[in-house]
Amino acid sequence: MASSEDSNDHLIKSTDPQHPANLIPELCKKFWTLGWVTGTGGGASIRNDDLVYLAPSGVQKELMKPEDIYVLELSKQLDPKKRIYLRSPPAFKPSQCTPLFIAAFTKCGAGCCIHTHSQWAVLVTLLLENSQSSNKTEFEINNIEQIKGFGRGFQKQGNLGYHDTLRIPVIENTPHEEDLTQSLSAAMDQYPDTLRHSVKATAAKPSSKTSPSPKPRPYLNFPPSSLSYHWDTLPPTSEQLAHATKFFQVQPPEFLWSAPKFHSMSFGDSPEVCFLGRSNVGKSSLLNVILGRQMAHTSSKRGRTKMMNAFSVGGPSNHGKNRLVVLDMPGYGKGGRAEWGEEVLKYLGKRKQLTRAFLLVDAEHGVKESDLQLLSLFKQEEIPYQAILSKVDKILFPGSRLPSEGALEARFSDLRRTMEKVKEAVQPNTEDDGGAVGEVIACSSEKFEGKRLGIDAVRFAMLQAAGLEYRPKVELAIPQEIVPYEKIFGTL
Ligand SMILES: Nc1nc2c(ncn2[C@@H]2O[C@H](COP(=O)(O)OP(=O)(O)OP(=O)(O)O)[C@@H](O)[C@H]2O)c(=O)[nH]1
Ligand SMILES: [Mg+2]
């Protein structure tokens with residue numbers, strides 16, 4: 001992290017009692033009173049979108065405070081041996097159960113996991129071990145009224161009834177809790193209904209998981225052109241997209257400066273582009289994905305970016321001529337502040353290096369009144385601008401569920417209609433572009449089935465704004481001798 005808004009302690013500070021950093025200590029206190037956690041044993045973890053909040057190891061669970069909470073990004077945990085934490089408490093160690101929580105979040109789309117050391121749970125496993133039952137790896141319960149607190153299971157409606165049976169897998173213990181990951185994962189696969197029971201009962205934000213044995217779904221490999229609408233431009237070629245990816249990856253991006261005010265910005269002569277939009281529309285997240293690193297702070301809470309932050313890509317080669325500067329701006333609307341807006345407007349009116357302003361519009365919510373105001377400012381100040389639809393995963397894959405071919409087709413039609421509406425707002429008069437670039441790109445910074453959408457198309461547009469895109473050499477045709485008509489057909 002390089003910006004001056006550096007301390008990630010903001011991730012665990014909130015006045016909202018429902019914030020995971022407040023909720024985990026509060027719940028653990030209750031679990032301790034119930035005997036579900038004992039002293040330093042047990043804990044809990046809550047997932048909010050991609051952020052996972054975890055109780056630490058070694059703390060008295062009834063005395064835990066928000067400052068003791070670890071935070072990590074689920075999508076960044078590629079190597080189980082190198083866990084990357086966004087925020088760590090100064091004392092304490094991460095819980096040994098972290099791999100188990102991660103398995104529950106990724107395999108089952110769980111929203112919350114409770115790690116209990118409940119004496120009742122231990123007692124059940126001991127009874128099972130000594131019972132006459134042939135199946136000692138499954139705890140069954142039925143004919144009990146309280147069972148109605150459990151949902152029927154994965155993709156099933158309603159809750160269990162008095163005569164239904166709840167089956168809970170019991171797995172063999174190991175000396176170290178992290179070594180349980182494999183057997184826990186296997187149990188998750190084998191007992192999808194039971195796992196969904198617990199998800200239903202405890203999840204902060206449940207989302208469903210992919211099917212256990214994925215069928216081939218070729219219709220998910222749609223072409224990049226289906227994610228953009230070009231009414232006045234040509235879509236980039238595959239060479240241009242590949243060049244754009246490479247441009248952003250060849251040199252590591254650099255943090256340049258954070259400026260609260262227009263007059264405190266640094267000067268530079270590289271071309272600049274900026275990301276603008278309502279707060280929470282996904283500007284900083286998109287920038288991080290485009291740059292391939294966590295450079296800008298993101299948050300599910302509105303108004304996270306409070307200053308104008310500049311990053312460079314392309315490196316210092318060729319006297320800075322191959323360099324592009326990208327600015328992440330504070331958002332406007334709910335969560336934004338008037339004084340941030342004033343400074344952004346000054347920047348838009350006065351900055352000579354600005355070659356294109358990218359206006360991000362949430363694909364779910366469309367263009368709002370505040371976006372229209374900004375669009376008219378672009379026209380008035382003659383600022384080149386382009387619209388980007390963010391969070392398109394929410395349109396194409398709502399709830400992160402795999403759609404059927406027909407459902408996906410219908411969602412693409414919805415997306416097309418949204419893009420046409422954006423075009424109407426961006427350039428109502430096709431004859432007069434007023435500075436608008438005649439295209440809308442839809443993208444997603446979140447991965448679905450391991451892929452993000454539209455990122456290279458946005459990269460290409462950024463390079464094109466700065467004149468840094470790949471331009472294939474046009475081969476002129478060799479002039480041919482013109483054969484007279486008579487020579488072919490003779491004189492009639
Ligand atoms: N599903 C989905 N969520 C996203 C996407 N991009 C961002 N988010 C989420 O949206 C929230 C806001 O993202 P940010 O990138 O911080 O938004 P921002 O526009 O920079 O917000 P401010 O700095 O407050 O103006 C975070 O919780 C992100 O995880 C996306 O493409 N898809
Ligand atoms: Mg931001």
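This is a predicted model: local features need pLDDT of at least 70, side-chain atom pairs count only at pLDDT 80 or more; totals for chains, interfaces and linings use all residues.
**Overall**

I began with the whole chain. I counted 13 helices and 17 strands in the protein. Of its 492 residues, 35% count as buried. I took the box along the principal axes, and the C-alpha atoms fill roughly 105 × 70 × 40 Å. I then turned to contacts between residues at least 6 apart in sequence, and 70% of these join residues at least 24 apart.

**The five-stranded sheet**

I traced an open sheet of five strands, and its order is S4-S3-S2-S1-S5, with antiparallel pairing. Strand S4 (85-87) and strand S5 (112-115) are at the edges with a single partner strand each, so one side of each has no neighbour in the sheet. I noted a twist that averages 25° from one strand to the next.

I went through the pairs one by one. Strand S1 (residues 43-48) pairs with strand S2 (residues 51-54) over four bridges, in the antiparallel sense. Here I found Ser45 opposite Leu54 of S2. S2 also pairs with strand S3 (residues 70-73), again antiparallel and over four bridges. S3 and S4 run antiparallel and are joined by two bridges. Across that pair I found Leu72 opposite Tyr85 in S4.

I kept one general point in mind while reading the strands: side chains alternate between the two faces of the sheet in a regular strand.

**Helices on this sheet**

Which strands does helix H1 touch as it packs on the sheet? I found that helix H1 (residues 20-34) touches S1, S2 and S5, and its direction makes about 150° with that of S1. I listed the buried residues of H1 as Pro20, Ala21, Leu23, Ile24, Pro25, Leu27, Cys28 and Phe31. The buried residues of this helix pack against S1, S2 and S5.

Gly35 follows H1 and has a positive phi, near 80°.

I then looked at helix H2 (residues 98-108), which lies across S1, S2 and S5 and runs at about 145° to S2. The loop between H2 and S5 contains Ala110. Is Ala110 buried or exposed? I count Ala110 as buried, because 27 other C-beta atoms lie within 10 Å and the cut-off for buried is 20 or more.

**The eight-stranded sheet**

I moved on to another open sheet, this one of eight strands with mixed pairing, in the order S8-S15-S14-S13-S10-S12-S11-S9. At its edges I found strand S8 (228-230) and strand S9 (254-259), each with a single partner strand, so one side of each is left without a neighbour in the sheet. Neighbouring strands are turned by 20° against each other on average, direction ignored.

Strand S10 (residues 272-277) and strand S13 (residues 354-362) pair in the parallel sense, over six bridges. Gly277 stands opposite Leu360 in S13.

**Around ligand 1**

Which residues come nearest to ligand 1? Of the 27 residues around the ligand, I found Gly282, Ser284, Ser285, Thr305 and Gly331 to be the nearest. The elements that give two or more residues to this shell are helix H7 (283-291), helix H10 (393-396) and strand S16 (444-448). I sorted the shell by class and got two nonpolar, 16 polar and nine charged residues.

**Helix H12**

My last entry is on helix H12 (residues 455-465). How many of its eleven residues are buried? I found eleven of eleven. The buried residues include Asp456, Arg459 and Gln464, and also Ile455, Val458, Phe460, Met462 and Leu463. Just after H12, I noted that Gly467 takes a positive phi of about 70°.

Note on methods: Residues are numbered from 1 along each chain as its sequence is written. Chains are lettered from A and ligands numbered from 1 in the order in which they are written. Two strands pair if DSSP finds at least two bridges between them. Axes are lines fitted to C-alpha atoms, for helices over the stretch in contact, and angles run from 0 to 180 degrees between N-to-C directions. Two residues are in contact if their C-beta atoms, placed from the backbone, lie within 7 Å. A residue is near a molecule or strand if its C-beta atom, placed from the backbone, lies within 6 Å of it. Ala, Val, Leu, Ile, Met, Phe, Trp, Tyr, Cys and Pro count as nonpolar, Asp, Glu, Lys and Arg as charged, and the others, Gly among them, as polar. A residue is buried if 20 or more other C-beta atoms lie within 10 Å of its own, exposed if 12 or fewer, and partly exposed in between; C-beta atoms are placed from the backbone.
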